[in-house]
Amino acid sequence: MPTTKHKSAALKSGTIKVDYLARVEGEGALWVKIRKNKVVDAKFKIFEPPRFFEAFLRGRDYREAPDITARICGICPVAYQMSASQAMEQILGLEIPEPLRRLRRLLYCGEWIQSHALHVYMLHAPDFLGYESVLHMAKDFRPLVEEALQLKKTGNALMELLGGRAIHPINVTVGGFYKIPPVSAFRALGDSLKWARDAAVRMVQVVSDFPFPQLERDYEFVALHHPDEYAILDGRLISNRGLDIAAGDYEKHFEEQHAAHSNALQSVLKARGAYHVGPLARFNLNYEQLSPLCREVAESVRFTPPCCNPFQSIIVRSLETLYACDEALRIIDELEMPDAPRVSAAPRAGTGYGCTEAPRGICWHKYTLDETGHIQLAKIVPPTSQNQKTIEDDLFDFVSCHIDMPKEQLTWACEQAVRNYDPCISCATHFLRLDIDRE
Amino acid sequence: MKTSTQPKPKIAVWKFASCDGCQLSLLDCEDEILALAGSVEIAYFPEASRAFVKGPYDLSLVEGSITTPHDAERIHKVRRSSRVLITIGACATAGGIQALRNFSDVNDYIPMVYASPEYITTLKKSTPINEHVYVDYELRGCPISKHQLLEVLNAYLNGRKPNIVPRSVCMECKAGGNPCLMVAEGIPCLGPVTQAGCGAICPSYHRGCFGCFGPKETPNTASLSDWFSRLGLSKPAILQQFRGYNGYAEPFRKESEILEYESE
C-alpha cells in the first residue's frame with residue numbers, strides 16, 4: 001500500500017515506497033530514493049521466496065522438464081513447456097513436422113490471448129482509468145469488463161482444447177502432444193475466435209485513447225525474429241542495435257550481472273547493458289510480420305513503430321491479442337492434421353537450447369542430458385529477470401521527469417510504470433532474490 | 001442467502017511460495033467472478049487489486065508453501081486474522097514441487113542456482129500450511145479446479161460442507177467412459193492412488209495420471225508400485241512417479257522413501 005505522509009505535497013527529499021506491489025504475478029516491491037529534488041536510486045525489489053527449479057531438475061527424466069518447468073509460472077506455463085521441449089528435441093535430434101509445429105503455435109496463441117487479456121484489462125487498465133482494481137472498474141465499465149472476461153475465456157478455451165486445461169496444460173510432451181483433438185473440435189472454436197477478434201479490435205481502440213504519461217527511452221529491444229512469421233515459437237535473437245544470433249549463442253552475448261546498487265542478479269547484454277524484451281520489443285522489431293488486419297487496425301489508431309514509451313505497451317498487448325486471434329483462426333482454417341501426435345527418438349547425451357516468446361518476452365532454457373536422458377544441468381532465464389534492470393532505469397527516469405508530482409500520485413504512477421512490463425515475479429524469482437533495504 | 005442489511009463476508013487471498021496459478025483460477029472464473037464480487041467483499045487480493053482492506057477476514061484462501069523464516073511467521077498472522085482458512089493447491093496442501101528439496105540438502109541447492117548464496121534466506125524444507133497452523137479445509141490440485149474452488153467458497157459462505165469426494169481418478173475415468181490405460185495399454189498411471197477432481201484429464205488425453213491432486217483417501221501405493229514394476233519400470237523410475245507435484249504428501253512420501261531404501 002502506498003505510504004503517504006504528505007498527501008498533496010511534492011517530494012524534495014525522501015523515499016517513494018510500495019511494500020507489496022499489487023496487480024502483478026508474485027511478490028515484489030519498489031523503492032525510489034530522492035535527495036535534494038533529485039532521484040539517487042531506484043529499485044524494483046523481488047522478495048518472492050526462491051524455489052530452486054534448476055537444482056531439483058537435476059536427475060529427473062528429460063520428459064518431465066516441460067511439466068515441471070510449467071510450475072514456475074501459472075500465468076505462462078506454455079512458454080516453459082515449449083522452451084523446455086525444444087531444448088530436449090535439439091538434444092535428441094528431433095525435427096518437428098510442420099503440422100505439429102502449427103498446433104504448438106495455436107496453443108501458444110491461446111496463452112497470448114488469455115495472458116494479454118488478463119494484463120490489459122484486469123491488471124493494467126485500472127491504472128489508466130484511476131481504479132484500484134478491475135472489480136472496482138466493473139462498477140462503471142461493466143460491459144467492457146464482461147467483454148474482457150469473455151476474451152480471456154476464449155484464450156483459455158483454446159488452451160483447454162489443445163492443452164487439456166488452461167493452467168498447467170497436460171497435453172504437451174517432447175516431440176509433440178499426447179493426443180490431437182478431432183478437427184471438428186478445432187472448427188467449433190471458430191465462432192468464438194471470430195467474436196474475440198472483433199473484441200480485440202475494440203480493445204485496441206479503447207486502450208489507444210487512454211492518457212499516457214510522458215516517458216520516451218532509448219531502449220535496446222531484443223526479440224526472436226522468424227523469416228516467415230511474427231516470431232513466437234522460434235527464430236534468431238535480434239535487436240535494434242545489430243544483435244543477430246542463434247538462441248544457442250545466448251550465453252556468449254548475455255550474462256547475469258550482480259549489480260552492486262541493488263543486490264540482484266540481472267540479465268544484461270555483455271556489450272551494452274540493460275535491454276528490453278516483450279511486446280514492445282516484438283512490435284518494434286517485427287511489426288511488418290503482423291497480419292494485414294492487425295496492421296490496418298494499428299494504423300487506424302495511428303500507432304506504428306517506432307514506439308519508445310513503455311506505457312504504450314498496453315496498446316501493443318492489445319494488438320498482439322488481436323494478432324493471436326487472427327493467427328489462431330488462420331491456423332484452424334488451414335488445419336492440416338499431423339500423421340502422429342508426436343515424434344520420438346531414443347535419449348542421448350548432449351546439451352540443447354530452447355527459446356520462445358512468452359507473453360512477457362523471451363523465455364530461454366538450456367539443458368544437459370546424460371546418455372540415459374536424465375538432466376545433468378538446467379538453466380532457465382525468464383523474461384522478467386531480463387527486464388528487471390530496464391524497469392529500474394524506467395523508474396529512475398520517470399521519477400526524475402515527474403519529481404514535482406504529488407507523492408501519492410507519483411507513487412501510483414511508479415506502480416503503473418512497473419506494471420508496463422507485466423512483470424511475472426513468480427517466474428523471475430526461481431533464481432532472483434533481492435534483500436529488502438530496511439534503512 | 002444474506003440479506004442486504006448484513007455486511008458482506010470479507011474474503012482475503014494470500015500467497016506464499018507458489019506459481020500464482022491457483023489464485024489465477026479465481027480470475028479464471030470468467031462467468032462467475034463479477035457475481036462473486038457482488039456477494040462478497042474481496043478485501044485483500046494483491047494479484048488483482050491495490051486496495052487493501054484490513055482484517056479480520058471471514059474467509060482466507062492461502063496459496064503456496066512455507067519456505068522462509070519470514071513466511072513461517074507470516075502464516076500465523078494470516079491465521080489470527082481469518083475466521084476460516086482454506087488452503088488451495090499442491091504447494092499449500094503438500095509443499096508443492098519445491099518440496100523436492102526436502103529429499104536433498106538445500107545447502108547443496110543454493111549455489112547451483114544463485115551466484116551470491118549469502119543473500120539467500122531459506123528453510124531446509126518446503127512445508128504445507130497445515131504443518132504450521134490449523135487449516136479448516138484443503139483444496140487439492142496442481143492447479144486446483146476452478147469448479148471445486150467455487151463449490152468450496154459457496155459451501156463455506158453458506159455454512160455447509162463442500163461436496164468434494166476424496167475418491168480416486170479411476171472413478172472419473174469410469175464415469176467418463178475412458179478405457180483403462182494401464183490395463184489396456186500398459187501405460188503407468190497414478191490414477192488408482194490419486195484423488196479425483198481434475199476430471200481425469202490425462203487419461204482422456206491418452207496419458208497416465210501424474211498425481212496433480214495428491215493421494216486419495218487410504219491409497220494402496222505399495223500395490224501400485226508392484227504393478228508398475230510388472231510393467232517394467234525400474235525402482236528409481238517408480239520412485240520419481242511418486243516424488244512429483246505432491247511428493248511430500250505423506251502416502252506418496254512414504255512410498256518413495258521405501259523405494260529409495262529398497263534401491264540402495
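What percentage of the 264 residues of chain B count as buried? The share is 59%, where buried means under 20% relative accessible area, exposed over 50%, and partly exposed in between, with a 1.4 Å probe and protein chains only. The model is predicted, so local features need pLDDT of at least 70 and side-chain atom pairs count only at pLDDT 80 or more, while totals for chains, interfaces and linings use all residues. Residues are numbered from 1 along each chain as its sequence is written, chains are lettered from A and ligands numbered from 1 in the order in which they are written, and side-chain values use heavy atoms, without hydrogens and water.

Chain B has twelve helices and five strands, these being DSSP runs numbered from the N terminus (helices H or I, at least four residues; strands E, at least two). Among its contacts (heavy atoms within 4.5 Å) between residues at least 6 apart in sequence, 71% join residues at least 24 apart. The C-alpha atoms of chain B fill a box of roughly 65 × 55 × 25 Å along the principal axes.

One element, helix α7 of chain B, spans residues 169-176, and B:V169, B:E172 and B:C173 are buried in it. Seen down the axis of α7(B), these buried residues fall within an arc of 105°, so they line one face of the helix; the arc is that of the directions from the helix axis to the C-beta atoms. The buried residues pack against α9 (201-204) of chain B, whereas the face turned away from them carries the exposed residues B:K174 and B:A175. Just after α7(B), B:G177 takes a positive phi of about 75°.
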